[in-house]
Amino acid sequence: MSKSSSYSGFYKLSVEERLQKVGEFADLTQEELNLIADSNHLPIETADHMIENVIGRFSLPLSVGVNFVINGKDVLVPMVTEEASVVAAASNAAKMARSLGGFKTSYTGSIMIAQVQLVGIKDPNGARLAILSQKEKIKEICNEKDPYLVNHGGGFSDLEVRLVETDKGTMVVTHLKVDTLDAMGANAVNTMAEAVAPFLEEITGGQVFLRILSNLAVHRLARAHVEVDKEVLGGEETVDKILLAYAFAKNDPFRAATHNKGIMNGVIPVVLATGNDTRAIESGAHAYAARNGQYTSLTTWEKNEKGNLVGTIELPMAVGLVGGATKIHPIAKVAIKILDITKASELAQIIAAVGLAQNLAAVKTLATEGIQRGHMSLHARNVATVAGATLEQLDEVVKQMREAKLINVEYAKEILSKLNK
Ligand code: MEV
């Protein structure tokens, strides 16, 4: 029987019960379950090797987004975030998407760009053609640096040379396009960029300056598509309201920044849970959103002939399954197992789907009831917990605070003292 990521009342279970369910879904071993449950799962020695000047560790909640169906497969999505309501919203959107088959995704391949900047060139156009004519030699220099990648089907794939006009003159910028397969690829492409630098100087007479990857990974795009039944959304009227909200984000950078922040609310927790570089994804996403000169939405929303809502997302997704913290952090490894994936391309596509789901939840809420209602319920639960409410008392304390329209710790304590009498 195929596994289902759809759970009703998952949030009502205890932490232990939820972990047990995830364990059953993902066939986690007792050791893996213990690792997740152990707040000290990152050994201090490992932490000390990850970054400099370590003085301790910093914990955040690890959670799972439920209800996701991606390319016909049920997926539980590990998410690490400090923000309340993100996981609930993503799970809720994934539930709305389920009735018409969930998310369909695709990927352009793991092509990273390394940039080599050449300055001091009198004939930039001539230099450009000189570089382009040496593609085979450049390929050879690059591939020599990473035989492992080449043996596994990756390595240098193409060359582009751009002329960048600046107030310091025209710069000749070579883009090495490299298939980094299951690695995020920063180390691989930076090494190649350094290796070709002397050859580029030799053939152009210029001086190489910077040699570094670009996070605007336009050849490493993840895409996701979803169709949501209008009835699930509350009718065609809601679809129209969502289109109005989207038109705002598409045309106004002030709104687009917040709209895309909401997408990152879904994207970053998965990037973090799998030990990937969150800043690389953030910078790539925002640069991509501005690629045509005006910063705009990373998603699109339309209404199809049935009156259903159709959403898409397309964004750079340079994530890996090898290298960096992905193989070092003990929980990142378990997160990959929960996702049941073996390739970075699968991870990239799941993340795109979660970003789209998160945006669906946000635009629907904003276009209908507004964001504060849901936020206030979660806020009220946090306040009740801080005031000392037990799991059994939580709903009652929240209910009384909301009825009184008074959500603060003092009032929660007052309610609790009455309940405890
Ligand atoms: C809050 O973290 C995210 C939202 O502001 C996103 C949006 O406005 O689309 C709700």
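Author: Of the 61 residues in the largest nonpolar core, those that touch the most other members are Phe68, Val77, Phe103, Val267, Trp301 and Met317. Such a core is a set of buried Ala, Val, Leu, Ile, Met, Phe, Trp, Tyr and Cys residues joined through side-chain atoms within 4.5 Å, where buried means under 20% relative accessible area, exposed over 50% and partly exposed in between, with a 1.4 Å probe and protein chains only. This is a predicted model, in which local features need pLDDT of at least 70 and side-chain atom pairs count only at pLDDT 80 or more, while totals for chains, interfaces and linings use all residues. Residues are numbered from 1 along each chain as its sequence is written, and side-chain values use heavy atoms, with hydrogens and water left out.

Reader: Which helix gives the most to this core, and with how many residues?

Author: Helices (H or I, at least four residues) and strands (E, at least two) are DSSP runs, numbered from the N terminus. The helix that gives the most to this core spans residues 344-367, and with 14 residues it is H14.

Reader: What does Val267 touch, not counting residues up to four places away in sequence?

Author: Contact means heavy atoms within 4.5 Å. With residues up to four places away in sequence not counted, Val267 touches Ile281, Met317, Ile351 and Gly355.

Reader: Over how many bridges do E4 and E7 pair?

Author: Strand E4 covers residues 111-119 and pairs with E7 in the antiparallel sense. Leu118 stands opposite Val208 in E7. The number of bridges over which E4 and E7 pair is six.

Reader: Why is the pair of Tyr7 and Phe10 called tilted?

Author: Rings of Phe, Tyr and Trp (its six-membered ring) pair if their centres lie within 6.5 Å, and planes under 30 degrees apart count as stacked, over 60 as edge-to-face and the rest as tilted. Tyr7 counts as buried at 19% relative accessibility, and Phe10 counts as buried at 9%. The ring centres of Tyr7 and Phe10 are 5.0 Å apart, and the pair is tilted because the planes stand at 45°.

Notes
Pairing = 2+ DSSP bridges.
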